[in-house]
Structures are given as C-alpha cells and as structure tokens.
Amino acid sequence: MLSQKQLFLLNTAQTSNSPRFLEIERAEGNYLYDVDGNKYLDLVSGFAVSNIGHRHPVVLEAIKNQLDRYLHVTVYGEYVQSPQVNFAHLLARILPENLSSVYFTNSGAEATEGALKLAKRYTGRTEILSFHHSYHGSTHGALSVMGNEYYKQAYRPLLPDVRFLDLNDEEQLEWITEKTAAVILESIQGEAGIRVPDKNYFKKLRTKCDETGTLLILDEIQTGFGRTGKLFCFEHYDLVPDILLIAKGMGGGMPIGAFISSKKIMDSLKENPILGHITTFGGHPVSCAAGLASLKLILEKKLFENVPEKETLFRTHLVHPKIKEIRGIGLMLSLQLDSFEHVEKISSLCAKEGLIIDWFLHCETAMRIAPPLTISNKEIILACNIIKKAIDEAYKSDNN
Ligand SMILES: Cc1ncc(COP(=O)(O)O)c(C=O)c1O
C-alpha cells in the first residue's frame, strides 16, 4: 500500500519540485504536530491565516453551531443568511464609515478580482496602476496586477492597461490621471519580503487619487486582523481606502475573503449588467460563522494590543552578524540574509529543532516571521534562539 506521502506526490498537484512534505497529524494553538510525534512552533501561521492560533475553541464552537443549522443554501447575495449578515454588520461597525458594504468571496484572489471589476464599473475607466514586487493573488486578473514578470510571462496576454509604479517614488504619482480607474496597493508589501510604504508617500497617493477620481484599493489580505498591531494596517497611515481587500486571517482558519466599499460604489455592480460579480460559495455560512467568532475574539481580547511589544522582543533577540536587516511592523517581519541557499538551509535546520519559518515569493533572501498573535514572550525568545543557532550552523557548514 502506498504511504500518504507517496499518494501526495501521485495525486495531489504540486507547483514545485520541493514541497515542504511535513505530514500533519493535527494543529492546536501555536503548534503543528506531525505524524511522527514531532511538535513545531508555527512562525508562519499558514501564511498569515492563523492569527488567533490553530483551532481556537470559539471558532470550533461557532462552526459546530452552524453545522447544525445549514451549510450551502444558494449562490451569494440572494437569501438572508445570518452568519453573513452579522459578520458584514460587525465589519461595517468597526471600519470607517465609507467601508459599509461587504461583498464576501472565497479567497483573497477573488476579492482582488471583484475589486478590480468594481473599480472599472464605477469609474468607467480601464487603467489600473499597481506596484513592482506586489502580490494580490494568482488568478488571471490578480496575476495581471502582480509586480513580478517572472511569474506572469507564461500566462500572457493578461489584462491590458496595467502599469507598475515603484513604491515610495513620489514623482511617479503623476502617472495617476483622470484615465486611472484604480491604484491597487498592499498596506505593507508582503511577498516583496516586507516593504513598508512611507507614511508621507501614502498620504500623497491618497490625495492624488482624490484629485483624479481614482479609487484606492488597499490590499490588507496579509496585514489585516491585528497582524501589525492595529486591527487594520491602514490605521497606521491615518487614511482610508475606497475599496478594502481582506481574507486570510479573516476566517479564523476557514476559507473566506471580501472586498468592501461604500454602498454607492458597490451598487454599481447591480445594473448594466446586473450580477456584476457572481460567486457560488463566496461567504459560505460556516466560514462566516467562524470569521465572526474570530473577529469578536480579536476585539474582545484586543489581541493586537501586545503585538508591538512582541515585535520589540523579536527585534531585541534577533541580533546576529548575519542578519542584515529586520523589516516590517508588528508580527509581519522579515529577516534579511544573503542568499536563498542560506535561507533554505536555516529553515530546514529550524524545522529539525521544532520551528516552522519560511520565505517570500519575490524575495528569496529573506525569512518570513508571521506567528499567531497569541505567541507568548517565552515562545518568542525560544524561537529567536533556535533561529540564531540555525544561522550559526548554516554558515559554519559553509566552511566545512
Ligand atoms: C497581499 C495578498 N493579497 C492577495 C493574496 C491572495 O490570497 P489567496 O491566496 O487567498 O487567493 C495573498 C496571498 O498570499 C496576499 O498575500
């Protein structure tokens, strides 16, 4: 009989020749457990998903309650389903006034697709400006606004009328004109290896969008739900987007995303033609119930409040001559090293010591640190010691 690992390689599609290959038995809190009885402290959170840790009891309870009521009942936006209604209502209550209309999707990429369509419909324009090194998902529209040609070249032709700006280049803001439907930007560029926009630049970008009637789409798919020490990262910049994208940490471990805008903008999906965006499973009731429970927990426990302290602890304990720089805000950090070989070696050494870390799509020389917000101070210090020891070993083996 074939093992699970053999079947994985046989029938489960992979998109690289070097999958992580960890055979997961279960996950709980800040830890993953494999079938061989090993326990791993999770510094990746399933790529910024498990903000409240794995299998949080309030999420499990909400899921179980919803399982007893109904699963899928119809396509999105037709029946009144209380998990959707209540989740949307809470999001609208905590977000700025203009972000009051929530369109639930299946994923982050679908939220990007919906937002790009919405911006084109509302403005009647076609040009989209995005940024070099950006990542907004892997479907065709999202790929069109991805700022890395390497991943796009094989899939052209993509969306026309897309141009790319350099982050923090104020002169290029002149490219935003009355022809521009939208500028799409991550509040912190994640897959670029964590690049934080300047506050001043962000304000000028907002002003230029206002002057030209261009919609500002902020992608908070990685930065959202407390990861940077605020519920949403745009609060650091003191500005508000026209369309907000959320997913990942939104569902407490269940798949869901959303694009959120004003009622006025969102209403443009209703006419000429009607059904401007259609999704069967978007806003699945079980995912909405889980997401609502997770958001209530984040708000009640103020899980984002201790995030700056935890960032400081990482920065204090991750001092090592081979770490060139630590970038990021809160628990969305990257350690800049010198080569992908070292990053790879260090992450496998860390895994052997029971610590999961990873790297980034557009920056292979940096390591990703994005633990659950529930990580304790003791666990942070333990993780830092494992990383430093792995760095020592990785560079020592260079000389052997
Ligand atoms: C900033 C950002 N936007 C969009 C996405 C796409 O989300 P999904 O993988 O749910 O489609 C991601 C995923 O990594 C992301 O990091």
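Entry 1: For my own record, exposed means over 50% relative accessible area, buried under 20%, and partly exposed in between, with a 1.4 Å probe and protein chains only. Before I go on: this is a predicted model, local features need pLDDT of at least 70, side-chain atom pairs count only at pLDDT 80 or more, and totals for chains, interfaces and linings use all residues. Residues are numbered from 1 along each chain as its sequence is written, and side-chain values use heavy atoms, with hydrogens and water left out.

Asn 272 is not a glycine, yet it has a positive phi of about 50°. I placed Asn 272 in the loop between α10 and α11. Helices (H or I, at least four residues) and strands (E, at least two) are DSSP runs here, numbered from the N terminus. The bond from Asn 272 to Pro 273 is a cis peptide, omega near -5°. Pro 273 sits in the loop between α10 (263–266) and α11 (285–300).

**Entry 2: other backbone spots.** I noted another cis peptide bond, from Arg 156 to Pro 157, with omega near 5°. Pro 157 belongs to the loop between α7 (149–152) and β6 (162–165).

Ala 48 also has a positive phi, about 65°, without being a glycine. I found Ala 48 in helix α2, residues 45–48. Is Ala 48 buried or exposed? Ala 48 counts as buried, because its relative accessibility is 3%.

**Entry 3: the ligand.** Which residues are around the ligand? I listed Ser 107, Gly 108, Ala 109, Tyr 135, His 136, Gly 137, Glu 186, Asp 219, Ile 221, Gln 222 and Lys 248; a residue is near if one of its heavy atoms lies within 4 Å. By class, this shell has 3 nonpolar, 5 polar and 3 charged residues. Ala, Val, Leu, Ile, Met, Phe, Trp, Tyr, Cys and Pro count as nonpolar, Asp, Glu, Lys and Arg as charged, and the others, Gly among them, as polar.

Next I checked distances to ligand oxygen atoms. A backbone N or O atom of Ala 109 is 2.8 Å from one. A polar side-chain atom of Gln 222 is 2.8 Å from a ligand oxygen, and one of Lys 248 is 3.0 Å from a ligand oxygen. The ligand exposes 390 Å² when taken alone, and the protein buries 81% of that (Shrake-Rupley areas, 1.4 Å probe).

**Entry 4: the second largest pocket.** I got a volume of about 750 Å³ for the second largest pocket. A pocket is an open set of points on a 1 Å grid over the protein atoms alone, with protein on both sides within 12 Å along at least five of seven lines; a cavity is a set where a 1.4 Å probe fits but cannot get out, and lining residues have an atom within 4 Å of a point. Of the 26 lining residues, Tyr 76, Gly 77, Ser 101, Val 102 and Tyr 103 are the closest to the pocket's centre. β4 gives the most to this lining, with 4 residues. The lining divides into 14 nonpolar, 8 polar and 4 charged residues.

**Entry 5: the largest cavity.** I put its space at about 50 Å³. Its lining has 13 residues, with His 72, Thr 74, Gln 81, Gln 84 and Thr 280 nearest the centre.

Conventions: Polar contact = N/O pair within 3.5 Å; in protein donor to acceptor, adjacent residues only side chain to side chain. Points joined across faces, edges and corners; volume = space filled by probe spheres on them.
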